[in-house]
Each structure stands twice: as C-alpha cells, then as structure tokens.
Amino acid sequence: MADRLRLMCVHAHPDDESSKGAPVMAKYVDEGHDVLVVSCTGGERGDVLNPNLADNPEIQRDLAQVRRDEMARAQAILGVDHTWLGFVDSGLPEGDPLPPLPEGCFALEPVEVATEALVREIRRFRPHVMTTYDENGGYPHPDHIMCHTVSMAAFEAAGDPTAYPNAGDPWQPLKIYYNQTFSRGRVVAFHEALTALGEESPYAAWLENWDPSRERTITTRVKCDEWFERRDNALLAHATQVDPNGNFFRVSRQQQAKVWPWEDFEAGLSYVPIVEGEDDLFAGLPTDLAEADALATSGTLTIAHDGRKERTV
Ligand SMILES: [Zn+2]
C-alpha cells in the first residue's frame, strides 16, 4: 500500500470537478490519498441548465450563493478538500460578433496575478500530481482556456525559488495531466452501447462533426467504475447546472462499467517518465511519502515527458 500522496485538481468553476475526473478523485480519497479541488471562479455567470429550476426566482436572486452551496454538497459526496481561487466567472460569450468579456473577469486577469494565486495554493498544499485542461480548454469557455494557461504557468513556477518569492516556499509538483473525460474512445463506446440497445444516440452528431486534427493522445486510463455512482451524485448536487434527464445520464452506470470503466487523461508535463499503458496518476512516483516529498523539493528535476501543444481554437 502506497503512502498518502497529494493530488490537486484545478477546475474553471464549480461542477467541472464533478463532470471531469470525479470518480478518480473519489477513488484516490478512498485509497487514503489527499485530493484538493481548486475552483478558479465561483461560476457566478453560469446559466441555470436544469429546466426544472430555470424559472425559480430564489435561485435567480443569488446564483453565486446557490452555486457555493452546490459545491459544498458535491465536495462532501466526493470526499475531497476544496478551495476557491477567488476570481470572477467570465461567462460564455455568445453571438456574432462575440461580445467583449466583462470587466474584471478571470479571463481578463493578468496571467501573473492569477498564476501567483495558484502558486500560493500549490506551495501550501504541496501536490505531487496536478490535473487541469488541455490548451484548448477541452471546451472553448474563456475560463477553461485561462484555467489551462494559469495551471501550466503555476506548475512551472511553483518550484522556482526566484518566481513569486512572496507566495511560499518552492514546491515542484512532479506531473500535470489534462482531463480527457470526453475522449473519442469513450464517445464511440457510449454511441455503440446506445445503438445496440436500439436507443437514439445523442453522440451520433458529435461523432459526425469530430475534427480529427483535434485528436488527443490519451496517455493514462484509470479504472474507476466503482466510483461512478459517487460521480453521478456529485453531478446531481450541482442541481442548477445539471439536467437529471440530460445526456450525462443517457448510458446507464451498468452499461458504462461494461463498455468504458475508465477516465482518460493526457500527460501535459512530467518529471518522471510516463510509461505506455499507464493506469494510475501516481504511477512512477516513489510510494514512500518522504521520498516523494524529497523529489519535489530536490531542485534537480528535469522534464521526462513534454506533451504540450499549440492552442488551435
Ligand atoms: Zn466548465
């Protein structure tokens, strides 16, 4: 049994932690590791996406507080620790041409300001492994793209004693992964599962419009079907954001466990080698906590895997 290691999952706003990587976080919590979710913003500009709650005036009056309460419930269900980075939701701009982003929002923050806030959290929590989104945000919300930018900048700066000297003692996380929950393999598996049952598949259009130039390299596949129920309950805790009759729940948990019992990740940067067929985010790290900690503060690390790409959206 490995010692208690630390995983930090950086997300744009509340509900992302439940839709991306949640069963893996719950698994690591149950296995005795420490997992911290960092929400960059409060999701203040989100829409109410659950049709049952769309016209509820109490929710409309203070969506920010409703979302804090939802996050607290999801956090308790997943068993993770949670912190707010304290930035303000940029909203998802819509229209042609797109309207300008609202003043003071996360995506307009100077990168160094947001990076320093995350570096401070990294140096306090001292994660061995981090997760974030890929360079395209996984989905083109300005806060998802900013989440990537800031996570990568903080990952690179946290171990550098000359960077942000007022934000704590240097600590170098050993790896950072991109969430790839909606990998092509999984979407195909879900599509085929529904088609085999003679049901209509919402994934058909998705696959038809799939852009092959945006194919991702899945380096790591973590089996986590035992924790799908916890993930679903955490998602449902974000009641304003999740339609209980929506596509998230179209494929039954039993079917999911049969056709795709994994969560997919893509290694972004790593100071330890990423081996073919990796099945654990802590793979390649010392299983002894003192040794893992010593590695993160050794100051002599060199990059062993660089999966960074240029942004295409
Ligand atoms: Zn999101």
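The following legends describe an overall view and several close-up views of a predicted model.

**Figure 1. Overall view of the predicted protein.** Residue numbers start from 1 along each chain, as its sequence is written. Because the model is predicted, local features need pLDDT of at least 70 and side-chain atom pairs count only at pLDDT 80 or more, whereas totals for chains, interfaces and linings use all residues. The secondary structure comprises 11 helices and 8 strands, where helices (H or I, at least four residues) and strands (E, at least two) are DSSP runs numbered from the N terminus. Along the principal axes, the C-alpha atoms fill a box of roughly 55 × 45 × 40 Å. Of the 313 residues, 42% count as buried (20 or more other C-beta atoms within 10 Å of the residue's own, with C-beta atoms placed from the backbone).

**Figure 2. Strand 1 (residues 6-11) and its two parallel partners.** Strand 1 is largely enclosed by the rest of the structure, since 6 of its 6 residues are buried. Arg6, Met8 and Val10 point one way from the strand, Leu7, Cys9 and His11 point the other way, and all are buried. Strand 1 runs parallel to strand 2 (residues 34-41), to which 6 bridges join it; two strands pair if DSSP finds at least two bridges between them. His11 has Ser39 of strand 2 as its bridge partner. A further 3 bridges join strand 1 to strand 4 (residues 129-132), also in parallel, and here Met8 is partnered by Met130.

**Figure 3. Strand 5 (residues 175-179) beside strand 4.** The two strands pair in the parallel sense over 4 bridges, and Thr132 has Tyr178 of strand 5 as its bridge partner. Strand 5 is mostly covered, with 5 of its 5 residues buried. Lys175, Tyr177 and Asn179 lie on one side and Ile176 and Tyr178 on the other.

**Figure 4. Helix 2 (residues 22-30) and the residue Gly32.** Helix 2 is largely enclosed by the rest of the structure, because 7 of its 9 residues are buried. These buried residues are Ala22, Pro23, Val24, Met25, Ala26, Lys27 and Tyr28. Just after the helix, Gly32 adopts a positive phi of about 100°.

**Figure 5. Packing of helix 4 (residues 63-78) against helix 9 (residues 228-237).** The helix axes come within 8 Å and cross at roughly 170°; axes are lines fitted to C-alpha atoms over the stretch in contact, and angles run from 0 to 180 degrees between N-to-C directions. The two helices are therefore roughly antiparallel (an angle over 145 degrees). Glu70, Arg73, Ala74, Ile77 and Leu78 of helix 4 meet Arg230, Asn233, Ala234 and Ala237 of helix 9, a contact requiring C-beta atoms, placed from the backbone, within 7 Å. By class, the contact has 5 nonpolar, 1 polar and 3 charged residues; Ala, Val, Leu, Ile, Met, Phe, Trp, Tyr, Cys and Pro count as nonpolar, Asp, Glu, Lys and Arg as charged, and the others, Gly among them, as polar.

Figure 6. Arg186 counts as buried because it has 21 C-beta neighbours inside 10 Å. Not counting residues up to four places away in sequence, Arg186 touches Trp260 and Asp264.

Technical notes
Angles under 35 degrees count as roughly parallel, over 145 as roughly antiparallel, 65 to 115 as roughly perpendicular and the rest as oblique. Two residues are in contact if their C-beta atoms, placed from the backbone, lie within 7 Å. A residue is buried if 20 or more other C-beta atoms lie within 10 Å of its own, exposed if 12 or fewer, and partly exposed in between; C-beta atoms are placed from the backbone.
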